Amino acid sequence: MATYLISLEQRTKCDFSDLDKKIRNLSEIAPVNPVKYVWILHSIQNSEEIRDALLAHIHAKDSLFVIHIHADDWASWNVHKNTEVWLNKDVI
């Protein structure tokens with residue numbers, strides 16, 4: 001499994017609860033939300049497959065960014081505590 005960062009720029013007033021559910025279903029390990037509209041997850045799918053799976057859950061005017069990351073080198077400030085725990089515990 002690889003680690004991915006997903007970021008959404010909301011340009012509409014859509015409800016993203018379906019998007020959040022879909023992101024959570026892409027991984028066996030629950031992803032984390034370090035900041036609003038940013039998720040970090042482990043997945044066996046690649047960036048394009050993740051993007052394609054999420055497109056049906058966003059508006060055409062919104063922006064979506066998916067990137068494979070190396071979660072063993074990171075730093076944060078004032079993010080949700082569960083993010084730090086997740087990254088320290090679940091780095092693959």
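User: Is strand β2 buried or exposed in this thing?
Analyst: In this predicted model, 6 of the 6 residues of strand β2 (residues 38-43) are buried, so the strand is largely enclosed by the rest of the structure.

User: Which residues point which way from β2?
Analyst: V38, I40 and H42 point one way, while W39, L41 and S43 point the other way, and all of them are buried. In a regular strand the side chains alternate between the two faces of the sheet.

User: What is the strand order in the sheet?
Analyst: The sheet is open and has 3 strands in the order β2-β1-β3, with antiparallel pairing. Because β2 and β3 (63-69) stand at the edges, each with a single partner strand, one side of each is left without a neighbour in the sheet. From one strand to the next, the twist averages 25°.

User: How many bridges join β1 to β3, then? And how many pair β1 with β2?
Analyst: There are 7 bridges joining β1 to β3, where L8 stands opposite L64, and β1 (residues 2-9) pairs with β2 over 6 bridges, with S43 in β2 as the bridge partner of A2.

User: Which strands do the helices touch or cross?
Analyst: Helix α1 (residues 17-25) packs on the sheet and touches β1 and β2, its direction making about 30° with that of β2, whereas helix α2 (residues 47-54) lies across β1, β2 and β3 and runs at about 150° to β3.

User: Switching topic, where is T83 found, and what does it touch?
Analyst: T83 is found in helix α3 (residues 81-90) and, leaving aside residues up to four places away in sequence, touches V32, N33 and P34.

User: Why does T83 count as buried?
Analyst: T83 counts as buried because its relative accessibility is 3%, and buried means under 20%.

Key. Residues numbered from 1 in each chain as written. Predicted model: local features only at pLDDT ≥ 70, side-chain atom pairs only at ≥ 80, totals over all residues. Heavy atoms only, no water. Helix = DSSP H or I, 4+ residues; strand = E, 2+ residues; numbered from the N terminus. Buried < 20%, exposed > 50% of the residue type's maximum accessible area, 1.4 Å probe, protein only. Contact = heavy atoms within 4.5 Å. Pairing = 2+ DSSP bridges. Axes fitted to C-alpha atoms, helices over the stretch in contact; angles between N-to-C directions.
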